[in-house]
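Subject: A structure for you to look at

Hi,

Here is the structure I promised to pass on. Please open it first, and then read my notes below.

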Amino acid sequence: MTEAASGQRILARVSMGAIESNCRSISRRLVGGAELCAVVKADAYGHGAAEVSRAALRGGATRLAVATAGEAEEILSNVPEAKDVPLVILGAMSPSELARAAAIDAEVGVWTTGFLEACRVLASETGRPLRVHVKHDTGMGRLGQTDQAEVVEMLSSAARDGELELAGLWTHFATADEPGDPFLAEQIEVFSESVAVARSLQPGCMIHAANSGATLADPESHFDFVRCGIAIYGLSPYGGDSGELELEPALSLVSRVGAIKDLQVGDSVGYGRKWTASSPTRVAICPVGYGDGYRRALGGVADVLVGGKRAPVIGAVSMDNIAIELGSSSEVQIGDEVVLLGRQGEEEISAQELADHLETINYEVTVGIGQRVPREVAP
Ligand SMILES: *Cc1c(COP(=O)(O)O)cnc(C)c1O
């Protein structure tokens, strides 16, 4: 077995080739000239926002989206080419965050007349137009304006205003991760009235609605651009196998064997003595734990890949260590690579497999990888 790259105790390897090819694969499926906006919030779902932004733009994305002003600042200061494309902030912002967004010419979401007014005041102070995207809540029940008359009022006010630019009209789907759920079509139906108004007010106003789930399931949702996150990382928005969607997972999480010990019957491993040897066996200690985002709930249920085979994580996951049962005849040695997420030989541990153990979604698995884990850019 090869040693984990750079001799790191743990490493998240992110294939920028996979990010690029996923972007191309998604773009090929877009209808009516729709563009791809790469959603790189939360450090690109744990993959590293700067490198992923570059790769997504190389792969054909024409826009970027983040959740916060701080994320937008970070991308613009680290990715020179991001300055050439629109960057939209999707989240709710405080007045001071809005000022930071305006200072870097990011585009912002708006769903109340009060916030629209704050945008106008800010734009007149800075003397530069602020580009706003009016958000219609068509059923997500989260951010956005539910009242259609208010949406229309904001659209026309932004279109009229010399200080503001009506850059977009958008909505967000509640059930796109469940293909076939009729609620998505109902949301599109509600949205279509606002779409007609926006198009008539300002032909260049970009209409956008689809996340990955809607993009891959329903071309009706594509409009002028789609906002894809999970799919560009090569994971399925529906919780299944991403290979069927012609997407390639970009991230793997690798560690190495830090220590090996032989146990006798009755010897226990780790905090709380949750696991005890029932026959003589060999155990590897791997220097990764919940301090790296390898969640405690994976103890006793997850597998890792070592020596080209699956091996169970035994006992409690601690902050900096896990234990793996190798079996008495194992030839695994100190320094051998341990794959926590990703492929080794013929075997694979997918983000979905870990998500199933944790009773969560694949999104939370990669987003949860800790700051202590270095990200390594792979081809
Ligand atoms: C995060 C987010 C997306 C991307 O969703 P995916 O399911 O990861 O494609 C799109 N739109 C909004 C408003 C979001 O917050």
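A word on terms before anything else: the domain bounds I use come from an automatic or database domain assignment. On that basis, the chain is split into domain 1, covering 31-233, and domain 2, covering 251-378. Please keep in mind that this is a predicted model.

How far apart are the centres of domain 1 and domain 2, taken over C-alpha atoms? The separation between those two centres is 39 Å. The domains do touch: six residues of domain 1 are in contact with seven residues of domain 2.

Next, the helix packing. Two packed helices are described by the angle between their axes and the distance between the axes, so I give both for each pair.

The pair α1 and α3

Helix α1 spans residues 16-28 and helix α3 spans residues 49-58; their axes come within 8 Å and cross at roughly 40°. That makes α1 and α3 oblique to each other, and α1 passes α3 in a right-handed crossing. On the α1 side, the contact is made by M16, I19, E20, C23 and R24, while α3 brings E51, V52, A55, A56 and R58.

Helix α7 (residues 148-160) and helix α8 (residues 183-201) have axes that come within 10 Å and cross at roughly 20°. Angles under 35 degrees count as roughly parallel, and α7 and α8 are therefore roughly parallel to each other. Their crossing is right-handed. From α7, the residues Q148, V151, V152, L155, S156 and A159 meet V190, E193, S194, V197, A198 and L201 of α8. The residues in this contact of α7 with α8 divide into eight nonpolar, three polar and one charged.

Aromatic residues

Finally, the rings. If you count two rings as a pair when their centres lie within 6.5 Å, the count comes to three aromatic pairs. Which residues form one aromatic cluster? They are Y45, Y233 and Y363.

Best wishes

Key:
Residues are numbered from 1 along each chain as its sequence is written. This is a predicted model: local features need pLDDT of at least 70, side-chain atom pairs count only at pLDDT 80 or more; totals for chains, interfaces and linings use all residues. Side-chain values use heavy atoms; hydrogens and water are left out. Axes are lines fitted to C-alpha atoms, for helices over the stretch in contact, and angles run from 0 to 180 degrees between N-to-C directions. Helices (H or I, at least four residues) and strands (E, at least two) are DSSP runs, numbered from the N terminus. Angles under 35 degrees count as roughly parallel, over 145 as roughly antiparallel, 65 to 115 as roughly perpendicular and the rest as oblique. A crossing is left-handed if the near helix is turned anticlockwise from the far one by less than a right angle, and right-handed if clockwise. Contact means heavy atoms within 4.5 Å. Rings of Phe, Tyr and Trp (its six-membered ring) pair if their centres lie within 6.5 Å; planes under 30 degrees apart count as stacked, over 60 as edge-to-face and the rest as tilted. Ala, Val, Leu, Ile, Met, Phe, Trp, Tyr, Cys and Pro count as nonpolar, Asp, Glu, Lys and Arg as charged, and the others, Gly among them, as polar.
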